[in-house]
Amino acid sequence: MLLDISQIPQVALERMNKVHEEEIKLLNELYSTIDECLKGEKSLEDVDKAFRAFYEDVKQHFSSEQEMMEKYNFFAYPMHRGEHDMVLAQLENLKRRWEKDRNPELIKAYVEKEFLPWLMNHIQTMDTVTAHFLSHFIKD
Ligand SMILES: [Fe+2]
Ligand SMILES: [Fe+2]
């Protein structure tokens, strides 16, 4: 396991917390699939499936926040979107390298050293401010 879901910083909108929880579950799933693959217990195909599920979830996560920010004219939308776009570009690049090299260590290093620390910081900063703003308009 990469991160216990109880460690996810909580924001003011429950629907965003749910999305983050689901993402960490998929990230943990990907992480354990890679470990099992490195031990010869799972295939590269299993890693590929878990990676694709994670990547699709990240895209969905970001676009759901962006839709709400656009709808309610969030003042820092361009800045928040800029962070999402940067990470999507990294993931697209990782996907290309993965498809070429099929090296699970590449994905493992990225999620441990880049994605997870980035996500924790992003939730504590951008998502926290955004959720606080949106909570004045959205009741969930
Ligand atoms: Fe988020
Ligand atoms: Fe975000």
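Reader: Is aspartate 127 buried or exposed?
Author: Aspartate 127 is buried, because its relative accessibility is 0% and anything under 20% counts as buried. Keep in mind that this is a predicted model.

Reader: Which residues coordinate the iron ion (ligand 1)?
Author: The donors are His20 (NE2), His61 (NE2), Glu65 (OE) and Asp127 (OD), at 1.9 to 2.2 Å.

Reader: How are those donor residues of ligand 1 spaced in sequence?
Author: For the iron ion (ligand 1) the spacing reads H-x40-H-x3-E-x61-D. The pair of histidine 61 in helix α2 (residues 44-71) and aspartate 127 in helix α4 (residues 104-134) links distant parts of the chain, 66 residues apart.

Reader: And histidine 61, buried or exposed?
Author: Buried, with a relative accessible area of 1%.

Reader: What is the geometry at the iron ion (ligand 1)?
Author: Irregular: the angles among the four donor atoms run from 86 to 156°. The site does not count as tetrahedral, because that requires all angles to lie between 85 and 135 degrees.

Reader: Which residues coordinate the iron ion (ligand 2)?
Author: Glu65 (OE), His80 (NE2), His84 (NE2), His122 (NE2) and Asp127 (OD) coordinate ligand 2, at 2.1 to 2.3 Å. Along the chain, these donors follow E-x14-H-x3-H-x37-H-x4-D. Here histidine 84 in helix α3 pairs with aspartate 127 in helix α4, 43 residues apart, again linking distant parts of the chain. Histidine 84 is buried, like aspartate 127.

Reader: How far apart are the two iron ions, and which residue bridges them?
Author: The iron ions, ligand 1 and ligand 2, lie 3.5 Å apart, and glutamate 65 bridges them.

Reader: Changing topic to the helices. How do α2 and α3 pack?
Author: Helix α2 and helix α3 (residues 77-101) pack at an angle of about 165°, and their axes are 11 Å apart. The two are therefore roughly antiparallel, since angles over 145 degrees count that way.

Reader: Is the crossing of α2 and α3 left-handed or right-handed?
Author: Left-handed. The residues of the α2 and α3 contact comprise 14 nonpolar, three polar and nine charged.

Reader: What about α1 and α4, at what angle do they pack?
Author: At about 170°, with the axes of helix α1 (residues 14-38) and α4 set 11 Å apart. α1 and α4 are therefore also roughly antiparallel to each other.

Reader: How many residues in the contact of α1 with α4 are nonpolar, polar and charged?
Author: The contact of α1 with α4 has 17 nonpolar residues, one polar and six charged.

How values were computed. Residues numbered from 1 in each chain as written. Chains lettered and ligands numbered in written order. Predicted model: local features only at pLDDT ≥ 70, side-chain atom pairs only at ≥ 80, totals over all residues. Heavy atoms only, no water. Donors = N, O, S within 2.8 Å, 3.2 Å for Na, K, Ca; no water. Tetrahedral: all angles 85-135°; square planar, octahedral: opposite > 155°, others 65-115°. Helix = DSSP H or I, 4+ residues; strand = E, 2+ residues; numbered from the N terminus. Buried < 20%, exposed > 50% of the residue type's maximum accessible area, 1.4 Å probe, protein only. Axes fitted to C-alpha atoms, helices over the stretch in contact; angles between N-to-C directions. Parallel < 35°, antiparallel > 145°, perpendicular 65-115°, else oblique. Left-handed = near helix turned anticlockwise from the far one by under 90°. Nonpolar A, V, L, I, M, F, W, Y, C, P; charged D, E, K, R; others polar.
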